[in-house]
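Let's go through this one together, question by question. Have a look at the picture first.

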Amino acid sequence: SHSIPHRDEAVWPMWEDFRPFERFEGKKYDDFQFTTFSHGLHRCPGRRLAFLQINVALAMLLAEYDA
């Protein structure tokens with residue numbers, strides 16, 4: 001899960017507080033730290049199947065629609 005590192009108290013002592021500007025101020029990170037799985041070269045393994053299912057669901061909805 002990409003949310004686990006954002007709740008690490010060793011990195012973010014007060015992670016519950018909403019302070020968007022202070023939280024990242026003055027810190028240096030590499031390009032791949034704190035990124036989700038879908039960033040970069042890799043995509044979600046179920047992405048193609050999900051798109052197919054969305055198309056089928058849309059086709060079924062449109063087939064039921066009476067103009």
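Q: How many helices and how many strands are in the protein chain?
A: A quick heads-up: this is a predicted model, where local features need pLDDT of at least 70, side-chain atom pairs count only at pLDDT 80 or more, and totals for chains, interfaces and linings use all residues. Residues are numbered from 1 along each chain as its sequence is written, and side-chain values use heavy atoms, with hydrogens and water left out. Helices (H or I, at least four residues) and strands (E, at least two) are DSSP runs, numbered from the N terminus. On that basis, the protein chain has zero strands and two helices.

Q: What share of the protein chain's residues count as buried?
A: Buried means under 20% relative accessible area, exposed over 50%, and partly exposed in between (1.4 Å probe, protein chains only). Of the 67 residues in the protein chain, the buried share is 1%.

Q: How many of the 18 residues of H2 are buried?
A: H2 is hardly covered. Among its 18 residues, the buried count is zero.

Q: How far apart should the ends of helix H2 be at 1.5 Å a residue?
A: Helix H2 covers residues 47-64, which makes 18 residues. The expected span is 1.5 Å times one less than the number of residues.

Q: Is Glu16 buried or exposed?
A: Glu16 lies in the segment before helix H1 (20-24). Because its relative accessibility is 55%, Glu16 counts as exposed.

Q: How far is Glu16 from His6 in space, C-alpha to C-alpha?
A: In sequence, Glu16 and His6 are 10 residues apart. In space, their C-alpha atoms are separated by 9.7 Å.
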